[in-house]
Protein chains: 2
Amino acid sequence: MYEALMKSMLQQYGADTLKGIHHFIPDKEPRKYLYNLVHDYPNRGGKGFRPSLCIASCKTYGGSLDDALYSAVSLELLHNAFLIHDDVEDESLFRRNKPTMHEYSNKAIAINVGDAMNVLGLYPLFMNKEKLGQKISQQIFLEIQHMVTESVEGQALELGWRKDNISDLNDSDYLRMILKKTCWYTCMHPLRIGAIIGSRGKVKPDIFNRLGYFMGTAFQIQDDILNLVAEEKKYGKEIGGDILEGKRTLMLIHLLQKSKATEKNGIRKFLSLPIRERQNEKAAWILNLMQQHGSIVHAKNTARYMAGAALKEYYTIFSRLPDCKDKSFIESIILYMINRDY
Amino acid sequence: MYEALMKSMLQQYGADTLKGIHHFIPDKEPRKYLYNLVHDYPNRGGKGFRPSLCIASCKTYGGSLDDALYSAVSLELLHNAFLIHDDVEDESLFRRNKPTMHEYSNKAIAINVGDAMNVLGLYPLFMNKEKLGQKISQQIFLEIQHMVTESVEGQALELGWRKDNISDLNDSDYLRMILKKTCWYTCMHPLRIGAIIGSRGKVKPDIFNRLGYFMGTAFQIQDDILNLVAEEKKYGKEIGGDILEGKRTLMLIHLLQKSKATEKNGIRKFLSLPIRERQNEKAAWILNLMQQHGSIVHAKNTARYMAGAALKEYYTIFSRLPDCKDKSFIESIILYMINRDY
């Protein structure tokens, strides 16, 4: 039941947001090297998770789809800008079942397209003023500013760990990184911004921080697990790509803690190679070690624990609000995370 | 005389801006992979051209240094963000006599630092409100938004030409690209923003477009000539680096038009190679061809023509305003461009 609700709402709000995105991408030159490419990632049909959460939060607090739409569009444009740069930074090959932008174009052009989307993402925020007034639209601008700042800080941690081949990390390091890189912009800010709009500034947005943190960590850990265990087509990226990229996932961090000295040396050696020289066989060996040492089970348990904590927070915040489809949608995401069996 | 004035004013306003920049860079973690790096390019001591022009324009129209400072800081932060990404995109080796950021760190981290500076550049714009009020600060925000949009469009043209090894360009193509990539953010918007602030919104900013365009093209063409003829240490980048990078300068475009078929084929073949496989000897051969075919003389003439046109525009706009040091400073930049003998 909740799964069908979740999927239909994601689809609906995702489509509304995509229509809004098209409205904000200029229909002008330079097309070939810029604006056609700006359409690419949004058109690949992502989950629409962030804009949907923002719209649902807004409606639960008494606002309308229309009130939240510009902010949802901004969230999704900035998210896709982030993905393009993230793909370049990670040298990823696939995104949503297609070659990444820098793979079919080149890195220079992909970086510039991301930069363009970052500035395009500001236009809808400026337009917010007309619908929501000066005060609320400025508050949302500050939220977005904070969101992007947290994301680049989290990204800096992760990229730094890879660059210097750091291998003495623990769960807390991981959670702090993911709080910054993922949670703020995937859950905390969408919930916050939606509620600010819906309540016309009456709700204190900090009440969503714990909920967004728990949801975001569950979301990210599950996404990382899928990268290891999902079918390629369903997942849309190369399976085990995270291992090849040297991404510091909860599983890799767990494995580095639990593995024997010789294993750890082998993993470190693998990670010290340039990304395109890392062999698939070695990645498969590391995946196997993760299974042996219980790293994937540990990650699944952590994700489920976080999703449980999110559900508790959800009830604390939302039980006092009248029932509605949008409120149930937010709950459905958490239930889906709890019951997921990969 | 004008040269001494120009240099002392650039130094003074550059230093004021740098102090402002330091104020806006957070003194917190993650330092090693982010905030320490954010300081790097601004601290290398660029010309401070954009913020100085903005401050001088503001003061000429009756404003103060303090009125323009946040906008100047924003311009300089965004400019340095652009340089970091530009260096990655061009695979440049040196910037201001030091290795580029992606060379001493890595590309992933450099891209992320640029992203961080793009969002940091928004903070001072938000602070403008306190000094300049809602209306003017919003107008400046729109100016900056437009400026960044033009820059990424110009960058897209240039990167696209390189990617597809386009070699049938003419002077108009070049000027359109440079209008977008350089003129708006180097001259037009600094002048516009300064005047909006100084006149408290009374001046129509479009009056600066021709002046800024002429100044900007003279500036860019001269910078590209320096890349070919300057001493390495004085210039701060590798000499002839533009040829190795395949940059579509006015000289290269001229050469491709004027060279014989066999020469043109040789140049095209050189440009079709991956950047690190292009040989220095071949670049020297192309430089030699540019000299033979008068490409550098053509560029010098064009730059001087543009600087002359800028001077005419300058007098049209500024002769009705009272004399002051800041007004003379703007004139001194143009005079310097006209009289430059490399």
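## Helix α9 of chain B

In this predicted model, α9(B) is mostly covered, with 16 of its 21 residues buried. The helix runs over residues 209–229 of chain B and reaches 30 Å from its first C-alpha to its last, which is close to the 30 Å expected at 1.5 Å a residue.

## The nonpolar core

The largest nonpolar core holds 204 residues, and the members that touch the most other members are A:Val113, A:Ala218, A:Ala310, B:Val113 and B:Ala218. For one of these, A:Ala310, the contacts can be listed once its neighbours within four places in sequence are left aside: A:Leu211, A:Phe214, A:Met215, A:Ala218 and A:Ile334.

## Relation between the chains

Chain B is superposed on chain A by a rotation of 180° with 0.0 Å of shift along the axis, at an RMSD of 0.0 Å. This is the relation of a two-fold axis. The same surface serves both copies, in that 100% of the contact residues of chain B recur in chain A.

## The contact between chains

Chain B brings 30 residues to the contact, and chain A brings 30 residues. On the side of chain B that touches chain A, at least two residues are supplied by each of α2 (31–43), α4 (65–90), α6 (107–120) and α7 (122–163) of chain B, and α7(B) gives the most, with 14 residues. By residue class, this side of chain B divides into 16 nonpolar, 9 polar and 5 charged residues.

Notes: Residues are numbered from 1 along each chain as its sequence is written. Chains are lettered from A and ligands numbered from 1 in the order in which they are written. This is a predicted model: local features need pLDDT of at least 70, side-chain atom pairs count only at pLDDT 80 or more; totals for chains, interfaces and linings use all residues. Copies are superposed by least squares on the C-alpha atoms of residues with pLDDT of at least 70 in both. Two residues are in contact if their C-beta atoms, placed from the backbone, lie within 7 Å. Helices (H or I, at least four residues) and strands (E, at least two) are DSSP runs, numbered from the N terminus. Ala, Val, Leu, Ile, Met, Phe, Trp, Tyr, Cys and Pro count as nonpolar, Asp, Glu, Lys and Arg as charged, and the others, Gly among them, as polar. The expected span of a helix is 1.5 Å times one less than its number of residues. A residue is buried if 20 or more other C-beta atoms lie within 10 Å of its own, exposed if 12 or fewer, and partly exposed in between; C-beta atoms are placed from the backbone. A nonpolar core is a set of buried Ala, Val, Leu, Ile, Met, Phe, Trp, Tyr and Cys residues joined through C-beta atoms within 7 Å.
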